[in-house]
Amino acid sequence: MTQSVVTEAPATEADVPSTGSDPRVRWVLLAVGLVAALALPWFVYPPVAMDIVALALFAIALDILLGFTGLLSFGHAAFWGSSAYVTGLIATHYGAPFPVAVLAGAVFAMILALPIGYLSVRRSGIYFAMVTLAFAQMVYFIAYQWSGLTGGENGLQGVPRTFFGIDLVETESFYFYYAALPIILLGMWGAWRIVHSPFGRVLMAIRDNSQRARALGYEVEKYKVIAFVLSAGLTGLAGGVFAINHGFVALTELHWSTSGEVVLMTVLGGIGTLWGGILGAFLTVMLADYLASSGFQGIDLVTGSVFVLVVLLFRRGVWGTVRHRYLARRLRRATRRGAADTRE
Amino acid sequence: MTAGERVAVRTRALTKEFRGFRAVDSVDLAVREGSVHALVGPNGAGKTTLFNLLTGFVAPTSGTITVFDQDVTGRPPEQVARCGVARSFQITSLFETLTSREHVELALQGHTRDGFRFWRSEKLLGRNRARVDDLLAQVGLLPLADKPVGLLAYGQKRALELSLVLAVDPPVMLLDEPTAGMGIEDVDRTIELVRRIAVGRTVVLVDHNMHVVGSLADRVTVLQQGRILAEGTYDEVRNDERVITAYLGEAEHA
Amino acid sequence: MNAVLQYAVQGLAAGSFYALAALGLAIIFGVLGVVNFAHGAFYMLGAVAAAVLLDLLDLSLWWSLLVVPVLMFGFGVLVERLLVQWLIRLDPLYNFLLTFGLTLVLVELVKQQYGVSGLPYRLPGPLRGRVDLAGVVLPRYQLFVLLFSVGICALVWLLMTRTRIGMIVRASTEKPELARALGINVGRWVTPVFGFGVALAGLAGVLAAPFRAITAEMGNNFAIILFAVVVIGGLGSIVGAVIAGFMVGLVEAFGQAYAPTFAQILIFVLMVLIILVRPAGLFGRKEATA
Amino acid sequence: MYGKRMWAGGLVLTNVLLLGACGEGGPGASGGDFSGDKLVLAVLNDQSGIYKDASGPNSVKAVKMAVADYKKKYGDKAVVDKIEVTSTDHQNKPDIANTKASELYERGGADVILDVPTSSAALAVANQAKNHKKLFLDVSAATTALTGAQCNKYTFQWAYNTYMLANGTGTTVTENGGKNWNIIYPDYEFGQNMTKSFTEAIKKAGGTVQGTIPTPFPNENFATFLTKAGSTNPDVIGTMHAGGDLINLVKQFNESGLKAKGIELAVGLMLINDIHSLGVEQFAGTMFTDAWYWNMDTEARTWADRFKAETGTRPSFEHAGNYSAATQYLEAVQAAGTDKAEEVIAKLEGKKLNDVFLRNGEIRAKDHSVVHDAYLVRVKKASEVKEEWDYEEIVATIPAAKAFPPAEASGCSM
């Protein structure tokens, strides 16, 4: 029984070069992703499109912990939901422009993440998952009780979409998508930057072998807490946008099932890939959206089965599997070339 | 390789109990500055536990540890590391997905605050390039620098272990079986390497290979069942009756 | 004073469910290294099975207490063979995620089959009514639940200390390094142990059937409190799981009595305090600094 | 408006294309009097979660029955030929309800959304109705906010609300001799509101409330609370719990022996499905207020028989409520000759009506609360049950005027 966290994904990735991906491919992917993000509301109902990108950022933020630090947080709904509430409250009571409200929500999520992270990183692996889950439940119950502020089970209704004095009316969700997309993209860029920074390198080292990182003088707990807080901040950005998009905040956003859903998205897309989170969010939201009007009863049956199958058979996730195939092919080609070279 | 007068690492009555079992039992150890000090003993003698104690991976039940007269008892490993103690691991212990270059970069960065810069590009790490290349060249890994270590051969991984310790440039190096599992040629190369890097440093070494111990160690401490059985130069120890029965005999039979 | 005693007994009775289920969770974790998210779902299945058996075969609670754990054992064996075993050598997180997915499926299936409003359950005559213990008036069934689960816990304890398999299970749960050193091979005990843990969750479910709403979602909240229980008790400890189970029941009862709005938060506050003071839990063994 | 569009459009590169793409979607005023030449009734409810039994798929069937009846009644004279009934599952998640409602109005061509259980979802849908200027007839959500602080012109609350539940039971039980009360309630907004309404009603009827005991939510273990509630020896213990918590509480009440001490249980919100699934035995003697009961008279019974032929089960008041709401909506469309929301609303407002579900009903113009007679019922003993679903005995009819709060008190301004 291995005690380190998420050893499987890295270990299997080790059989192909991880850093060797072609920079041209990266740029092409980025361009395709950007075009897809811009085109999305033309093909998908705009509020649903907004949900997709917000949840994509949520999944990416979770992946910073799960895929790059090796920590499974099963309580990220606490940050998503609390940021949604703070964003909603600030937009409602102070009429703040939505980007400001969203930012405030994200900051709140980070403040909340600090003590939770500090306490949770005292345990690792599966304990960490349970402890974060329990913390999130605590936040959920507090929001439930504090109905004067949160609206309790009725939710926080009537959150406005103010955009620097201009009232973006609900029907104009199409425009709102483009107004809010920069925040999401900024968040995604932030995640990419974190992962590809000296800090990100340390996180990967901690994921692969935290003892060794310690021996090199790294204060592992400190790094974990910072990663946790950063992840919560990005989650908060996504949650705030989600709240504005819907014009209200419900308790479901804080519920543990939301935490589970985002883990599902991340794992489905492929942990440790960033792109996978986006793909996972897209697939999950589209599936739920389709099933809602299909007359099929029992969405959890599908979601749960997909989850079981992915964990059993495609642990790399959709994106991870594709990337793995691609890299493996490149490696084979390179070897063949190498063999040809020696023959000459 | 003359041993100085100062003591680099000292333990006093160091004891570690695991549920009533004394893995390390009142060990008084003094490693003199600039010496190569070997710890030997049969399996289960407490060498690895002692190593873990010295580097903070295990907290002692009682007793104290000082590094250059600074008390480090009970400090976590990262702090001990920052006091200038670097260690290698007996069982190869690397970051499987990272390349050798990334390993060394990480090791070099360990004593700086750069690790917290999540807003900077990882290109920042490239500024030590010359030093990284140098360190990798020393252990013969430069040609493989950009390969994930998961793909390296065992001996290469051991070499990388050494280069990581080296990168930290520590006053005190703790090497846990640096030649374990190596072929004869590699062993000799490693001995050379250790000898070279030991200049001006204090080295604590655990190895089963008496050839390694004999060619490197200034002083040898023999452990048995958690206690110090004997201490002296290699030759003194080798001729010690108790040691012969307890350890060398066993090793020669093996 | 009477009130305090009464709350105490009620708290212990509520704690019985947690204790039994947490015992199963701890044993599974100890031997397989799996944190079974579906434990709440198995608890639910136990209750549903009791209700269905009563409806279809007129099987009373007494029989259900015997038959349902056996059925759940079989089901657990099936789950272990078909799903869990494939991930057992990997990081424990994968099985955590697997059992999470399994929970969604099981809950949904029960919903499809038996609806969402809950199932009826009838208590056998002798267990109805109240008992008067020196002024402390208690529902007879509550007392029964308490005594029964204490009995089961004691039985499991005997099993753990007096039988070979029990010792193996205990060694690998509480002293894995020792078990490894002694070369104990738990391999062939993995499947039955998983089944046994599931059976304990099912048994808790049967006990809950007459007393609690039997719905597909009855296990959801329960599972999360269970996690708090094992964090408090220390996952690596069988005794810890049981004691923490009863303790959480008490906290719940007294919280409800004296600070009702905060009763649920209190459990998690307790958990936080434990993490602060003893990160490994009350009876847990300390992990190496990881 | 134009300037705003320009502004927002300026955020993207392809402003012109963009307006072209999203200009479609909602129904335009194309040609005839009906958008898209058809009428679309969208049922948005919980088809998989905890409200599935009480409403769910069978509410869709009830609405389809209403459409069939409308067609049969008017035949060639019907102002619209094509009537569609769509069904959407909000999975009990308010954010899905919100998005789906907006999509139904904008893209699904929905003229009216029906049902929508749970308060948070219903309030979100009401907001969408207001923004899209389309109708929303709430049947399953009970929050008074829909016809109070958060009311709007496009939203009607058709079947019941928390005031009705609390007031009916509180007043009637007290008048019938249950003077001393102790109330156990879940400590969230629904429970708090219900308790407030109950307390007022009880005091007005001359009773006393000895104590109110909040409980966490959700909760499984009520033993402590019941002990506490029983300690003052009240005539009645009132409970404001619903769903699984209610069942927990009733089971534990039955085991607590309080019944034997002559303490009765009055329930704030109970659905016939609760009784059906738990068995009449558990609830025997419990009193609560129902908005409608399938076996209350011949008219109801006749419809319930048709419903059973259609679905295989007896209707809850929510099923009947959906049928009624759809029927009256179709009647209003028939009278208005169009599906334009403003005109249909004009036909609905102030209308006094009677149908299968509504007795002495009135669609109040002031707050869009649909008031009607309600019933205080007692759950029958197992021995009194003559057929399946024969669970309720009507103790008293609460006239519409007393069952619902006066319009002036609603706090609604549209």
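Across the interface of chain C and chain A, zero salt bridges are found, a salt bridge being a side-chain nitrogen of Lys or Arg within 4 Å of a carboxyl oxygen of Asp or Glu. The model is predicted, so that local features need pLDDT of at least 70 and side-chain atom pairs count only at pLDDT 80 or more, whereas totals for chains, interfaces and linings use all residues. Residues are numbered from 1 along each chain as its sequence is written, chains are lettered from A in the order in which they are written, and side-chain values use heavy atoms, with hydrogens and water left out.

One residue pair in polar contact, both at pLDDT 80 or more, is found across the interface of chain C and chain A. A polar contact is a pair of N or O atoms within 3.5 Å; within protein, one must be able to donate a hydrogen and the other to accept it, and residues adjacent in sequence count only if both atoms are side-chain atoms. On the side of chain C that touches chain A, at least two residues each come from α1 (2–32), α4 (92–114), α9 (218–233) and α11 (263–277) of chain C; helices (H or I, at least four residues) and strands (E, at least two) are DSSP runs, numbered from the N terminus. The most is given by α4(C), with 14 residues. This side of chain C comprises 35 nonpolar, eight polar and four charged residues, where Ala, Val, Leu, Ile, Met, Phe, Trp, Tyr, Cys and Pro count as nonpolar, Asp, Glu, Lys and Arg as charged, and the others, Gly among them, as polar.

The contact takes 51 residues from chain A and 47 residues from chain C, contact meaning heavy atoms within 4.5 Å. Among the five pairs of chains that touch, chains A and C have the most contacts. The area buried between them is about 4,600 Å², with 76% given by carbon and sulfur atoms; buried area is the accessible area (1.4 Å probe) that two parts lose on being put together, summed over both. Chain B and chain D do not touch, their nearest C-alpha atoms being 27 Å apart.

The unreviewed UniProt entry annotates residues 223–251 of chain C, among others, as "transmembrane region". This span is 86% helix and 0% strand, and its end C-alpha atoms lie 17 Å apart.

One disulfide is found over all chains, a disulfide being a pair of cysteine sulfur atoms within 2.5 Å. D:C151 is joined to D:C412, with S to S 2.0 Å. The torsion about the S-S bond is about 85°, so the disulfide is right-handed. Because D:C151 lies in the loop between β4 (135–138) and β5 (155–157) of chain D and D:C412 in the segment after α15 (400–403) of chain D, the pair ties together parts that are 261 residues apart in sequence.

Key. UniProt positions renumbered as here; feature names shortened; annotations may be inferred.
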